[in-house]
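Here is a short report on one protein chain. Have the sequence and the 3D view open as you read.

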Amino acid sequence: MANHKKRAAEEQAKASLAQKKKSSPAFSIVMGIILIVIASVCVVASLSDAAYANEAIKYFNANCYQRSSGTYDENNTGYAVVVIGDFVYDEGGATDPIFGVSVDSVLLYRTSEMYQWTLNDEGVYELIWSEELIDSSDYDDEHQNPTSYPSNLKSNYYSAHNVTLGDYSVSDEQLLLIESDSIASLTLTSVDVDGYSVAEGSYITNSEDYSSPEAGDVRISYSYVTTTTATLVGKQRTTSIVSFKYDDGGYVFFRVLDGKYYQSEVVALYYSEAPNVMWLLFIAALIVAVFGGTRLYDGLAGALRYTPTLAFFGKSAAGVSSDAAAYVYGGALGAAVAFIVGGAVWSGVNVSFLGAATVFALAVILLIGYDFMTHLPERDPAKDAYTPIIRHSDK
């Protein structure tokens, strides 16, 4: 029985010590700092991508010139430009020389697929059309695929010759930027290549019977760019357009848009595609910062209780318990830190936001300082020292 009581007393003492550590000023201060640091990191994470993108777009817009008629201006060299005009190219358009397929367009795509063995999710062999070679090295001998693709049959693209837009030359790199919404399938009628025929009006194939193809058979389809009027976005280099880079390539402006887009519309498009602020993460960070501020304030107030020489700075407002002060002033301080960090991240595109956050933080600090300075602890003449602050919860 005596041993049982002794163990119980020891356990109670350990629990009491652990509770004291949790409620100690040092623990609250450290915990508050840790939470505020975590909150600050989360604020940066929630805003940084959006802030960087917005700063890049703002820089692009400030250094951009619009060439609505596609005319060249040497004064724009080295700057971002938005050039509007119609594609012009040599007669005949784009042509695949292997199969003689042509289209009146700036760009023709050839997609080549081979009928190959694969293992499905159930582990059963089946034949599928695939643009990429399927590795069959682990398959049995009856289900082997070709180990190479005929180089002249691979997927490829073909551009028209001497493509220009206004006074500017247009490269293949730019043509390949035209989005899929401006690409249409090409209908095929005939092919003049031995061993190949047209199937279903969409494919050129070497299958003897396309309705029942064999492993290794190939089928080829075509698509083409339908764009005739376009907008080029990039940096002017003499009469060509190259990529316009912000922050040494951290953000690149280089694209071809189908139709007419004026500078304001291009900028609006980039803004719409930019990363968004992660508001849920930001709000969560703000909550953590507020809680961290209450812990920090509470710990500092507790520390000042045991430091009479510093008690001059530590008493809460009259009629407000120190617990309530921790939530009010500490929470405001934590929120101020979160907004200052957020403002610092965002300041590249919105300096007024940083200024407002800083003024808010200073106001909170002044409020806390005023609270401390106007409600001092009473001095005990007999001890010639300040009476330690007594928290309401200790009474």
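**Whole chain**

This is a predicted model. The chain holds 7 helices and 20 strands. Of its 395 residues, 38% are buried. Among contacts with a separation of 6 or more, 67% join residues 24 or more positions apart. The accessible surface is about 22,100 Å². Carbon and sulfur atoms supply 55% of that surface.

**Helix 2 and helix 4**

Helix 2 covers residues 25–62. Helix 4 covers residues 263–273. The two pack with their axes 10 Å apart, at an angle of about 170°. Angles over 145 degrees count as roughly antiparallel, so helix 2 is roughly antiparallel to helix 4. On the helix 2 side, the contact involves Asn-54, Ile-57, Lys-58, Phe-60 and Asn-61. These meet Gln-263, Val-266, Val-267, Tyr-270 and Tyr-271 of helix 4.

**A surface patch**

Val-30, Ile-34 and Ile-38 form a nonpolar surface patch of about 250 Å². Ile-38 belongs to helix 2. Its relative accessibility is 42%, so Ile-38 counts as partly exposed.

**A buried glycine**

Gly-342 lies in helix 6, which spans residues 322–346. Gly-342 is buried because its relative accessible area is 1%. In sequence, Gly-342 and Val-41 are 301 residues apart. In space, their C-alpha atoms are 9.9 Å apart.

The two residues with an accessibility value are set out here.

| Residue | Relative accessibility | Class |
|---|---|---|
| Ile-38 | 42% | Ile-38: partly exposed |
| Gly-342 | 1% | Gly-342: buried |

Conventions:
Residues numbered from 1 in each chain as written. Predicted model: local features only at pLDDT ≥ 70, side-chain atom pairs only at ≥ 80, totals over all residues. Heavy atoms only, no water. Patch = residues over 30% accessible without salt bridge, like charges linked within 9 Å, V, L, I, M, F, W, Y side chains within 5 Å. Areas by Shrake-Rupley, 256 points an atom, 1.4 Å probe, with all protein chains shown as cover. Salt bridge = Lys/Arg side-chain N within 4 Å of Asp/Glu carboxyl O. Helix = DSSP H or I, 4+ residues; strand = E, 2+ residues; numbered from the N terminus. Buried < 20%, exposed > 50% of the residue type's maximum accessible area, 1.4 Å probe, protein only. Axes fitted to C-alpha atoms, helices over the stretch in contact; angles between N-to-C directions. Parallel < 35°, antiparallel > 145°, perpendicular 65-115°, else oblique. Contact = heavy atoms within 4.5 Å.
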